[in-house]
Amino acid sequence: DSLEAVLRDPQYHALLSIIKGIRNGLVYGVKIRAPHAFVMTFLFQKGSVLKKLKSVARAASTHAQNLAKFVTVYKAVTLALRALQGHSPQWHTFLAACAGGYLVFGANNPINMQINLYLLSRVLLALGRMFAERLAASSAEPQVAGRPLPFDAFPIFGTLVWGIVLWLFEHHGDLLQPSLRASMTYLYHDSNKWSNLKNFIVYNK
């Protein structure tokens with residue numbers, strides 16, 4: 001029918017890709033945030049069940065809307081730049097993402113903080129891998145070029161991450177994100193407290 005024809009028409013592809021991106025941002029935001037918010041809210045927040053459910057819905061809605069907004073800005077800017085220049089160099093991607101990051105994820109709130117920190121950890125890991133691969137590829141020894149590092153760096157990564165985060169938690173806890181601090185309090189501090197069998201096994205407190 002006419003709607004199917006529009007969906008298959010190349011001249012509408014750019015606009016439709018933005019609409020589909022908005023749809024995917026909303027769906028993914030709810031799918032990824034709702035379970036996490038549900039667990040964290042019911043574990044650590046006080047209040048009625050209705051209040052907790054509203055908090056979960058608010059967090060999922062904010063996450064979903066932010067992803068949808070970012071997809072819109074990112075796709076719109078990349079499409080506009082490609083239309084202006086006739087091609088898509090790598091800096092288009094960076095500039096468009098920076099625009100979306102500023103407009104959407106530049107607001108300092110708990111949801112954006114969690115998302116930005118999550119991405120930061122992935123970015124640092126990816127840049128570390130890129131650096132190691134390029135270092136190996138540029139080696140003067142042909143038999144070494146392109147090979148992985150002669151040692152497994154992941155144990156060092158795990159060692160430093162956990163050593164630093166526990167040191168920060170125990171001695172500078174106010175610097176950590178509240179949700180991370182709450183999780184660590186539950187694991188490492190609340191486990192030091194009990195008065196009977198019930199709050200030793202059945203309940204935390």
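Student: What kinds of residues make up the lining of the second largest pocket?
Tutor: They divide into 9 nonpolar, 8 polar and 2 charged, where Ala, Val, Leu, Ile, Met, Phe, Trp, Tyr, Cys and Pro count as nonpolar, Asp, Glu, Lys and Arg as charged, and the others, Gly among them, as polar. Keep in mind that this is a predicted model, in which local features need pLDDT of at least 70 and side-chain atom pairs count only at pLDDT 80 or more, while totals for chains, interfaces and linings use all residues. Residues are numbered from 1 along each chain as its sequence is written, and side-chain values use heavy atoms, with hydrogens and water left out.

Student: Which helix gives the most to that lining?
Tutor: H2 does, with 6 residues, and helix H3 (49–85), helix H5 (110–137) and helix H7 (178–189) join H2 in supplying at least two residues each. Helices here are DSSP runs of H or I with at least four residues, numbered from the N terminus.

Student: Switching to His92, where is it, and is it buried or exposed?
Tutor: His92 sits in helix H4, residues 90–103, and counts as buried because its relative accessibility is 2%; buried means under 20% relative accessible area, exposed over 50%, and partly exposed in between, using a 1.4 Å probe and protein chains only.

Student: And what does its side chain make a polar contact with?
Tutor: The partner is the side chain of Gln85, at 2.6 Å. A polar contact is a pair of N or O atoms within 3.5 Å; within protein, one must be able to donate a hydrogen and the other to accept it, and residues adjacent in sequence count only if both atoms are side-chain atoms.

Student: How many aromatic pairs are there in the whole structure?
Tutor: The search finds 6, a pair being rings of Phe, Tyr or Trp (its six-membered ring) whose centres lie within 6.5 Å, with planes under 30 degrees apart counted as stacked, over 60 as edge-to-face and the rest as tilted. One of them is Phe169 with Tyr188, with centres 6.2 Å apart and planes at 55°, so that pair is tilted.

Student: Why does that pair tie together separate parts?
Tutor: Because Phe169 lies in helix H6 (residues 154–172) and Tyr188 in helix H7, the pair links parts 19 residues apart in sequence. Phe169 is buried at 5% relative accessibility, whereas Tyr188 is partly exposed at 30%.
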